2 protein chains.
Amino acid sequence: MEWTREQRYKKYSDWDAATLLQLQAQAATSKYQMHYHMHPLSGLMNDPNGFSYYNGEYHLFCQSYPFGPVHGLKSWTHYASDDLVHWHYLGQAINPDMDKDNAGAYSGSAMAHDGKLLLMYTGNHRDADWTRIPYQIIAEMDQDNHITKKDEATILPPDHVTEHFRDPQLFEHDDKFYVILGAQDKKTKTGQIDVYESTDLIHWHENGYLSLPNEMGYMIECPNLVFINGQPVLIFCPQGLDKSITNYDNVYPNMYLIGKDIDLSSAKFSPAQLAPINLDDGFDVYATQAFNAPDGTAYAISWVGLPDSTYPPTDQEGWANCYSQVKQLEIKDGQLYQHPVPAMRNLRYNEVSITNKKIISSDAKRQYELKLKIAAGQSSSLHLSDLILNFNTSSDAHLTVDRSHGPAINPDYGATRTISLGDNQDLDLDIFIDGSLCEIFINNGRHVMTLRFFSKSNTTISFDQNINYTGKLWDMHSIL
Amino acid sequence: MEWTREQRYKKYSDWDAATLLQLQAQAATSKYQMHYHMHPLSGLMNDPNGFSYYNGEYHLFCQSYPFGPVHGLKSWTHYASDDLVHWHYLGQAINPDMDKDNAGAYSGSAMAHDGKLLLMYTGNHRDADWTRIPYQIIAEMDQDNHITKKDEATILPPDHVTEHFRDPQLFEHDDKFYVILGAQDKKTKTGQIDVYESTDLIHWHENGYLSLPNEMGYMIECPNLVFINGQPVLIFCPQGLDKSITNYDNVYPNMYLIGKDIDLSSAKFSPAQLAPINLDDGFDVYATQAFNAPDGTAYAISWVGLPDSTYPPTDQEGWANCYSQVKQLEIKDGQLYQHPVPAMRNLRYNEVSITNKKIISSDAKRQYELKLKIAAGQSSSLHLSDLILNFNTSSDAHLTVDRSHGPAINPDYGATRTISLGDNQDLDLDIFIDGSLCEIFINNGRHVMTLRFFSKSNTTISFDQNINYTGKLWDMHSIL
């Protein structure tokens, strides 16, 4: 189906409810659907927004287009959780219902302040001639989840940026308020992170572009700053990054940069790395949003989906994309580690221990967790239905994820992803399968590989030869 | 808001999607909402339908009106579960989209047969002059959850019933197929259960009204037959039952009758009781649906809501009613016992043990389970916020649930419910609180009292004096 601009930007009130119910049923009954990861109730979800802690709960909002698997008129949908695993659907939160966001309530962040949750987002305004003006808008949510938008934009695009100026992260640091924004410089057409500062959340001063160790392509989307044991970490999506800086395989990468220090007043980031590093080594992570919880822990959640990409098996069913699980961030040996949150363990049931068996399961469900410790000095393949993990734990140690045996997904960007491993070392894999989603935590979170795959059935888990390993397999409870 | 017939029977496609999304948000953000019981995504739910086991999962369908807290144009919404606790929303299943169900796809049942799940329901047809014809229709669901309705009604109303002829339960027994239906006899205007028999599911023979030990008022709704250790048990809703037969407090009761034997070919039920007994001793259970799982276990789930009743606090929020948890049925000492299913224990977390404390919790969440063993020989009150349980475990032993301290709910039918207990015996209570729902399992399922209540806050759990008891309190995970 070809979607015209008119269709994509049709008001929600011009769609009929029977169509929406039908789309919800299609999404819900898909065999590719996730049951313990967030997914759209209908239509498309993209960037996670407003990830925060407020009023005794974690909150998360989703960029959402309810009427099809395309990027149409966007709104924010609201979820809440008390354990970062079970999320309650709380319905539409920010609707594109005013002139300043007439073409979509685009991505943003949230910060608890003064008894309210402040939601700061990009109002994607389009003029009659379709010229874009990005307004940075604050909306306030109260304890009853009622949301009130401010009439006036908090930040207007400065003269020196193009129309690409969005994804505000609002946060408090050293008793001041800051907003960092993804931006494209008008003159150089380079990707930048623009820094704003305020003492009262009303008057904002532009501190300028954040100093970065490399030229970051033609645009940076979704910048996030978090602190891990006092160290600043930037998580961001540089579009058009030169692959000689850091290689990547996806259309656009999601990268991180650990800093030694950051001085937001002077927009100075002192990197602890020479160049950014891929946050995820799989196929499908983008627009990760991270925040520091009140106890200081840094959590991240990723859009599993990419701009300019399609997933035909589920697109055909009228819905698109999902989110990763929430990942707890740690810095170890100068690298970012990502871990499942503790409550993920509560989803496990029907534990089976396995040692050296060639066939791990011949009738696995479509939802499972598989944790393996593969001994050093081996080379083989693990088949998760038609998804194949080739590994070598002797010399030239590596792990390759191969999704070429299922339907082609964004084939211009390859069907395999490979990471290097330490030679002659045991390989730890913590694999989460959920419908058409696969997340692999490698060597206790040193790497994560996240991807969609579309097996007709998910029934067989097996090695292609006898292998020395120990492992556990669990069925997984649903969260929605 | 006054709902006209025209509004209530407006086609789903004539509603707009923005309104539906708004109703979903209102239902989802309610502080009265349930988080571990099934509830409407929007609008109203009533009778549970099609409770069954098929294709490796339990299935349940809900009588559903998505557009408000009223009985409008009904459809079936589909949920599935592998543990009878976690239910996945699978969207709209049977829509009122043909002439024979033009005024609603009303209640019915499901039976796995020949690789399909047969859904048998009452097509509520209305002529232009609003005259009702109830058609009993079979729809087939395949393993991909696709549903196809049969063109022709399977059973037409016989001449001897009024327009009140509905709620077919389809089941297999002794190698034959049967349907039992709630009916009103045209001549006597009495409530009946009409029995049909078939060998091929196409040709049906009416065996006549089931013999019952009492006159069952003017109509029987929602008849169910299950077998518990070989004993037939009828669960049904006799409307207008003479209170001298069995006393009841609600506008309409939900009753059960244990049989010694049943001969469906001759429509003969041999009761083991003189009169029916209230299935639930609370305020708000109706239209319970029960079925025998493949292993023979009998399960039941109830509508928590009643015909001709309103619940103003949530009606004002645009949504109405919920379901009980699934109850496992047992016969002990000639009585029906109802138990939580084992998987309900998996929802518990943050266990706290308590002994003889006057204040059990001063900051309980809105979702919890409280299990108490109150020693014999005492009399006091347990306060669950403004819901009060008065008990006496000495002589004249009884338990009274008093919801008079919150907003009035259907006040014509009283604000207290009382059951008698054995004198001088310990009292076991297993109390499940979920938003505005309370379920109390008494003395290991000998009684169940189910009700809605609307406390402004659910924070305090306390006795009004010092009491000898032991207990445990858990927070409860969400299922949706």
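Reply: The discussion below takes ring pairs, then charges over rings, then the interface.

Reply: This is a predicted model, in which local features need pLDDT of at least 70, side-chain atom pairs count only at pLDDT 80 or more, and totals for chains, interfaces and linings use all residues. Residues are numbered from 1 along each chain as its sequence is written, chains are lettered from A and ligands numbered from 1 in the order in which they are written, and side-chain values use heavy atoms, with hydrogens and water left out.

Me: How many aromatic pairs does the structure hold?

Reply: Rings of Phe, Tyr and Trp (its six-membered ring) pair if their centres lie within 6.5 Å; planes under 30 degrees apart count as stacked, over 60 as edge-to-face and the rest as tilted. Over all chains there are 44 such pairs. A:Trp3 lies in the segment before α1 (5-8) of chain A and A:Tyr65 in strand β2 (residues 57-65) of chain A, so the pair ties together parts 62 residues apart in sequence. Helices (H or I, at least four residues) and strands (E, at least two) are DSSP runs, numbered from the N terminus.

Me: Are A:Trp3 and A:Tyr65 buried or exposed?

Reply: Buried means under 20% relative accessible area, exposed over 50%, and partly exposed in between (1.4 Å probe, protein chains only). Both A:Trp3 and A:Tyr65 are buried. The ring centres of A:Trp15 and A:Phe67 are 4.7 Å apart and their planes are at 5°, so this pair is stacked. Both A:Trp15 and A:Phe67 are buried.

Me: Where does the charged end of A:Lys243 sit?

Reply: A charge sits over a ring if NZ of Lys or CZ of Arg is within 6 Å of the ring centre and within 35 degrees of the ring normal. The charged end of A:Lys243 is over the ring of A:Tyr248, 4.9 Å from its centre.

Me: What area is buried between chain A and chain B?

Reply: Buried area is the accessible area (1.4 Å probe) that two parts lose on being put together, summed over both. Here the area is about 2600 Å², of which carbon and sulfur atoms give 63%.

Me: How many salt bridges cross the interface of chain A and chain B?

Reply: A salt bridge is a side-chain nitrogen of Lys or Arg within 4 Å of a carboxyl oxygen of Asp or Glu. The rule finds 2 across this interface, including the one between B:Asp82 and A:Lys365 (3.9 Å, N to O).
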